[in-house]
Amino acid sequence: MVKYYQPEIETASREQIRAWQDERLVKQVQHAWDNVPYYRKKMEEKGLTPADIQGTADLHKLPFLSKDDLREAYPYGLLGKPLSECVRIQSTSGTTGKRVVAFYTQHDIDLWEDCCARAITAVGGSQEDVCQVAYGYGLFTGGAGLHGGSHKVGCLTLPMSSGNTDRQLQFMTDLGTTILCCTPSYAAYLSESIHECGLRDQIKLKAGIFGAEAWSQKMREDIEKGLGIKAYDIYGLTEISGPGVAFECQAQNGMHINEDHFIAEIINPETGEVLPEGSKGELVFTCITKEAFPLIRYRTRDICILSSEPCPCGRTHIKMCKPMGRSDDMLIVKGVNVFPSQIETVLLEQGYPANYQIVVDRVNHSDTLEVMVEMTPENFSDSLAKITSMEKKLVDALRAMLGISAKVRLVAPKTIARSEGKAVRIIDKRKI
Ligand code: DLL
């Protein structure tokens, strides 16, 4: 029996899950009311007291929290426990504005690591595995979360952090890494490097746990083929603990949300109205077991769909699809909504690698959209006529997908800087 597969929790009936959520939500609202004056004020502004919240059926009455609240309350305004009981902070990877700082008690760390352990177990991980954690360590939650999860499962943990690719490959081959955890862009880069160094026969990888940024189905297929593994998605955000809020099982068809710790809702991002299951909208989380940072109805800005269709793996926790974009980083170009993931889909479908940059600018009051993408070593050419014809094909495909025209610039392989963490794919000069 694998230790971190917890069937009594992960395959509980929907009624049982609902009963846990009802009970824990009531307790959490009382905890926030008693200990987080910032949230108590928000409830009072809506004329609410904890007595109004008897279970999940009342969740919709509660006020939302957003990144703006976190900035306003920075750093301690949303703390639910005295600082003396907190043992850790983690912080967002964002580079603009004030950073978001999240606090953890030891209990919170334990629950977070349990969630990551579930994710590792779901991809077949056990104490027989060597787990290479190549997410960034430090303030970013990726390294710390998967590291803790790997320990709990009992894997031999390689705390590599991101970067230093030569060293990653050396440990991967010398120590026989079987599970790789990193961003999908770094996984793609590692795959490229493994092929270049002729190491494909020397690696023992069987699975990868890749998340923290958007990646398409086509990118999954490329990574799986390149590394000879199964590539699984993992989702999370610093505010709600970090990776492991949701994770993919072997069905590779959506990520199970750890519903004994988090309640998920989908709302209309414009109106805040709660939408029925199956609708596309903004994902909102309520943490029902966290002590130090008890966020209630936190708006993630991630656009998503939830589904409680039975999963072949037997888990009953609701699944979220891959985030389909963000309600806030959606680009509006010439009045048209453009999701970077649509552009990536076109590029990959046309046989280009996921090494691209999208540059948006405004010239003479009119928006311009430029997509810079690398040629592959196979289709690389320095013939101007050939490049022009390849660019035209991409321009047409992008117009068909987006409904607007984009300028395409093909560049030589390895021209665009590689990312060791989250790739910087959008440069919106209009905001600079
Ligand atoms: O990215 C936590 C994480 C680390 C998740 C490692 C998975 C693996 P933040 O830096 O706070 O936390 O960024 C959170 O990243 O709101 C999503 O927009 C995006 N994101 C996270 N996971 C995925 C994913 C971490 N699997 C923000 N697919 C979230 C697409 C993701 N986007």
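**Close-ups of the cavity and the ligand site**

Sorted by class, the lining of the largest cavity comes out as eight nonpolar residues, no polar ones and one charged. (Ala, Val, Leu, Ile, Met, Phe, Trp, Tyr, Cys and Pro count as nonpolar, Asp, Glu, Lys and Arg as charged, and the others, Gly among them, as polar.) This is a predicted model, where local features need pLDDT of at least 70 and side-chain atom pairs pLDDT 80 or more, while totals for chains, interfaces and linings use all residues. Numbering runs from 1 along each chain as its sequence is written, and side-chain values use heavy atoms, with hydrogens and water left out.

**View 1. The lining of the largest cavity.** Leu70, Ala73, Tyr74, Pro75, Leu78, Arg99, Val100, Val101 and Phe293 line this space. (On a 1 Å grid over the protein atoms alone, a cavity is a set of points where a 1.4 Å probe fits but cannot get out; lining residues have an atom within 4 Å of a point.)

**View 2. The shell around the ligand.** Here 21 residues surround the ligand, and the closest are Asp233, Ile234, Thr238, Asp302 and Lys422. (Being near takes a heavy atom within 4 Å.) β7 (230-237) and α6 (141-153) each bring at least two residues to the shell, with β7 giving the most, five. (Helices, H or I, have at least four residues and strands, E, at least two, as DSSP runs numbered from the N terminus.)

View 3. For lysine 422, a side-chain N or O atom sits 3.0 Å from a ligand oxygen. (A polar contact is a pair of N or O atoms within 3.5 Å.)

How values were computed
Polar contact = N/O pair within 3.5 Å; in protein donor to acceptor, adjacent residues only side chain to side chain. 1 Å grid on protein atoms, 1.4 Å probe; cavity = no way out; pocket = protein on both sides within 12 Å on 5 of 7 lines; lining within 4 Å.
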